[in-house]
Amino acid sequence: MTPRSVILGCGSYLPDRVVSNEELAQRVDTTHDWIVERTGITQRHIAEDGQYTSDLAIAAAERAVEHAGIEVDDIDLVILATTTPDQTFPSTATKVQAALGMSNGAAFDIQAVCSGFLYGISTADAFIKSGQAKTVLLIGAETFSRILDWEDRTTCVLFGDGAGAVVMQASANGAAHGANEDAEPGQAGHNQERGVLSTHLHSDGKLNDLLYVDGGPSSTQTVGHVRMVGREVFRHAVTNLAAVVDEALEANGLERDDISWVVPHQANKRILDSTARKLGLPAERVITTVDRHANTSAASVPLALDAAVKDGRIKRGDLLLLEAMGGGLTWGSALVRW
Ligand code: ACO
């Protein structure tokens, strides 16, 4: 029987330093009202000098491990989604592995920009289903502030730093809700089992130029800064995200009304609202943290998930629809029975 990937617990971490829109308006030609009206963002957390992506990731990971009620030694794979690794190599995941005191298992980074956590959940699910891993620590962590051009008002107001993590484990009997354990996607019973029901990934490399960093080890030997054609990204986001939500529902024989909570990538409140409208989903069922966190790239979905789990909105048995789009362009969705 193919095991089911159950999310046992989650955790997150935000740097202490909060930067308001007003503070940004002292650095670039912008206003609090413009940022709120166009994006819904009121503040973002920014890492201190010397605080690295691995530091944020380790803090989130420790909280997720504690929430999951497992021992560090149970973990046999660490996957870390990030666009802002501590170094070009080694992977930031190996730094987390060392800090947690793990000496067994494997660790690697995933790069899919803001879709990184969705690519990570899909990869973790595949490792678990194939039997290559039993317990996966999946982290999304970013210090996006380090790749922003702080003189470019069209991008620097949009992003923040943070980290979120989940522990996923193989469960032979994910049928916590009286479901048919052997059911495949689309079959009766499959939908009711606890864990990841399905994941759906996409990319279109022809759209590299809409959202990218103008540097890199092989090209400029610099880190580079974020560049974006905001309007075009916005347009693709609404279309692609609505399509990948429907793709996930169709694959599982579910309807939009079956979704308890949408846990989306937090790029812009207007993208969240437009996507929800296109899907006919009430805004109250969309977990929103972009107002306080801004866009934390690969960290935004697990940060939003953790917020809604810890404040009690997400309950055991709820059906979660996770979705994200980012540079590449890349996009994806995952349906999870919590
Ligand atoms: N403050 C004040 N004015 C600004 C600012 C600012 N911070 N930024 C841009 N403007 C100005 C522009 O210069 C322009 O002025 P002009 O009309 O005189 O030329 C005007 O505001 C309108 O600019 P637009 O870019 O057309 O504004 P828009 O309504 O499209 O909003 C935004 C811009 C917020 C970037 C929007 O396009 C957006 O959110 N796009 C999606 C971005 C996104 O999701 N990115 C992340 C993807 S995930 C990842 O992988 C990183």
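Gln221 sits in the loop between β9 (211-213) and β10 (226-228). The model is predicted. In it, Gln221 has a positive phi of about 60°. Yet Gln221 is not a glycine.

## Two cis peptide bonds

Which residues does a cis peptide bond with omega about 0° join? The pair is Phe89 and Pro90. Look for Pro90 in the loop between β4 (77-81) and α4.

Another cis bond runs from Gly328 to Leu329. Its omega is near -15°. Leu329 also has its place in a loop, between β12 (319-326) and β13 (330-337).

## Helices α3 and α4

Helix α3 covers residues 53-68, and helix α4 covers residues 92-99. The two helices pack at an angle of about 50°. Their axes are 9 Å apart.

Sorted by class, the contact of α3 with α4 has five nonpolar residues, three polar and one charged.

## Helices α7 and α8

Helix α7 spans residues 230-251. It packs against α8 at an angle of about 45°. The axes of α7 and α8 are 9 Å apart. That angle makes α7 oblique to α8. Is the crossing of α7 past α8 left-handed or right-handed? It is right-handed.

On the α7 side, the contact uses Phe234, Ala237, Val238, Thr239, Leu241, Ala242, Val245 and Asp246. On the α8 side, it uses Arg270, Ile271, Ser274, Thr275, Lys278 and Leu279. How do the residues of the contact of α7 with α8 divide by class? Eight are nonpolar, three are polar and three are charged.

Ala267 lies in the loop between β11 (261-264) and α8 (269-279). What does Ala267 touch, leaving aside its neighbours within four places in sequence? Its contacts are Ile41, Val290 and Asn295.

Now compare Ala267 with Ile75. In sequence, Ala267 and Ile75 are 192 residues apart. In space, they are 31 Å apart, C-alpha to C-alpha.

The domain assignment of the protein chain gives two ranges. Domain 1 is 4-171, and domain 2 is 193-337. How far apart are the C-alpha centres of domain 1 and domain 2? They lie 15 Å apart. The contact takes 55 residues from domain 1 and 51 residues from domain 2.

Together, domain 1 and domain 2 bury about 4000 Å² between them. Of that area, 63% is on carbon and sulfur atoms. Which three residues supply more of the area that domain 1 buries against domain 2 than any other three? They are Arg4, Cys114 and Leu118. These three supply 17% of the area on the domain 1 side.

Conventions: Residues numbered from 1 in each chain as written. Predicted model: local features only at pLDDT ≥ 70, side-chain atom pairs only at ≥ 80, totals over all residues. Heavy atoms only, no water. Axes fitted to C-alpha atoms, helices over the stretch in contact; angles between N-to-C directions. Helix = DSSP H or I, 4+ residues; strand = E, 2+ residues; numbered from the N terminus. Nonpolar A, V, L, I, M, F, W, Y, C, P; charged D, E, K, R; others polar. Domains from an automatic or database assignment. Contact = heavy atoms within 4.5 Å. Buried area = accessible area lost by both parts, 1.4 Å probe. Parallel < 35°, antiparallel > 145°, perpendicular 65-115°, else oblique. Left-handed = near helix turned anticlockwise from the far one by under 90°.
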